[in-house]
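Here is a short report on one helix and one set of paired strands. Please look at the model first.

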Amino acid sequence: MTEAARAAPPSDSLSARGRLLVVEGLDGSGKSTQARLLVKWLQSRGYRVFFSEWNSSELVSGAIRRGKKKGLLTPTTFALLHATDFADRLERQILPPLRAGYFVVCDRYCYTAYVRDTARGCDADWVRNMYSFAPTPDKVLYFRVPVQVSLDRKLASREPISYYEAGMDLHLSDDLVESYQRFQSALRRGYEKLVTTDHLVPIDAAKPVEQVLTQVRSEVKPLLAGFPKMETLVHG
Amino acid sequence: MVRTYGTRIPNLPKRELSGHLIVVEGADGSGRTTEVELLREWLEIQGHPVVDTGLRRSTLVSKQIDRAKLGHTLGATTMALFYAGDFADQLENKILPALSAGSTVLADRYIYTLMARAIVRGATREYAQQLYAFAFEPDLIVFLDARTDILLHRAIAKYGSLDYWESGMDLSLSRDRFESFFAYQALLKKEFDWMAKTYGFQRVDANRTPLQVHRDVKALVAALFGKRVRVEIPGETPPRVTPEPEVSGLGSVASGNS
């Protein structure tokens with residue numbers, strides 16, 4: 001992050017105390033399941049962990065829900081409202097535990113917005129600037145799956161595919177499933193680019209859960225070097 | 001037009017827009033709203049269809065912003081982005097269709113107020129400029145420039161008190177609202193002076209009466225439309241719109257209900 005593009009308090013000192021780990025990937029990539037398992041594992045080993053999910057600010061998500069229901073959102077307002085929601089979540093939920101020295105696990109971060117908003121046609125630099133207040137995570141795990149796996153998992157779940165998830169607002173296809181495939185393919189291409197530009201660490205998430213778990217833990221272990229456990233914080 | 005400040009909005013029409021975008025900027029108490037009313041009247045008499053717009057009027061988020069302000073619940077970055085979303089909604093759903101239809105859009109404040117507010121709350125100028133780079137470049141930006149002591153007296157004459165947000169109380173500049181008002185307005189002024197240069201504001205001395213201000217503004221608008229404007233003789237019958245009670249500076253007696 002450049003000195004010039006900053007709207008929030010300085011981030012440099014933050015990761016020196018806490019740790020920020022982000023999981024990213026397509027819907028149905030298994031990232032949320034893995035994030036929860038990771039949180040349990042870290043807690044059981046005595047670390048102070050905080051888990052944060054996207055889209056959890058009540059006030060802003062109210063506006064987003066309303067906009068989606070009424071079909072009022074354009075790519076630009078969609079991008080701005082989600083950035084607002086993210087900023088609220090960052091200021092309220094992520095920064096305080098991070099500064100207090102927690103191991104913070106985030107289910108989705110600004111990278112979701114980078115790929116989603118640019119897939120909707122927003123200018124990539126504009127989107128990046130919007131999120132320049134967000135501290136750079138210590139590591140970003142990218143749960144890489146083929147689009148077909150994402151779709152199969154989505155269809156197998158009870159949760160229906162939503163209008164915006166399928167990118168129906170882009171009029172790629174009148175068919176929900178086909179639109180979903182095309183939109184998610186665009187998102188996947190976006191993530192693949194971020195592997196190079198933003199050092200996202202790919203995790204082969206098409207593998208069985210136990211194998212994915214092993215990959216995740218081995219990527220997380222280096223972050224725990226020198227990171228204090230709860231007892232040492234209280235007594236030492 | 002339509003030219004933006006650097007970033008293209010997706011789905012923007014490629015054709016030229018025939019309407020004009022006129023922005024009136026200025027602090028609370030600069031006579032901005034009065035001037036917008038007078039200008040609207042004058043433009044309509046000349047046969048220009050006018051659509052007016054302001055801040056925090058979008059159907060998308062204005063209610064949520066009001067709620068957030070009441071509870072003081074959102075942080076500075078969040079508020080800045082929320083306002084940007086509100087603005088984008090109006091730009092795409094109100095300003096753009098009006099300009100396409102050939103109307104003159106009269107904006108009672110625009111991105112500049114939003115940028116100034118974000119900057120004095122900690123955003124960098126570069127961040128604010130990039131954030132609003134999707135906004136259309138106006139054909140004319142009128143900046144009603146009034147001294148802070150005059151703004152103070154107009155605020156007291158109108159409301160009988162100083163507003164929490166217009167005094168920048170959320171910035172913790174001072175616990176004293178009167179002191180905070182001066183400090184906050186000074187910070188905003190610095191940003192407006194910078195933007196005046198950067199964005200080519202047409203500065204109008206707003207320390208004067210509404211009709212004197214209106215005469216200068218009309219000349220600027222007439223130049224935009226390539227018309228000659230009749231110079232009014234002072235004391236001439238004022239336009240039909242009733243101007244706000246005039247406060248002529250420090251010596252005036254403030255009347256209010258608190």
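## The buried side of α2(A)

This is a predicted model. In helix α2 of chain A, the buried residues are Lys31(A), Gln34(A), Ala35(A), Leu38(A) and Leu42(A). They span an arc of only 100° around the axis, so they sit on the same side of α2(A). Lys40(A) and Ser44(A), on the other side of α2(A), are exposed.

## Length and end of α2(A)

Helix α2(A) takes in residues 31-44, 14 residues in total. From first C-alpha to last, α2(A) reaches 20 Å. That is close to the 20 Å expected at 1.5 Å a residue.

## Paired strands in chain B

In chain B, strand β4 (residues 140-145) pairs with β1 (residues 20-26) and runs parallel to β1(B). The two are joined by 5 bridges. Strand β5 (residues 202-205) of chain B also runs parallel to β4(B), with 4 bridges between them.

Which residues stand opposite Leu144(B) of β4(B)? In strand β1(B), the residue is Gly26(B). In β5(B), the bridge partner of Leu144(B) is Val204(B).

Definitions and conventions. Residues numbered from 1 in each chain as written. Chains lettered and ligands numbered in written order. Predicted model: local features only at pLDDT ≥ 70, side-chain atom pairs only at ≥ 80, totals over all residues. Pairing = 2+ DSSP bridges. Expected span 1.5 Å × (residues − 1). Buried ≥ 20, exposed ≤ 12 C-beta atoms within 10 Å, placed from the backbone. Arc of directions from axis to C-beta.
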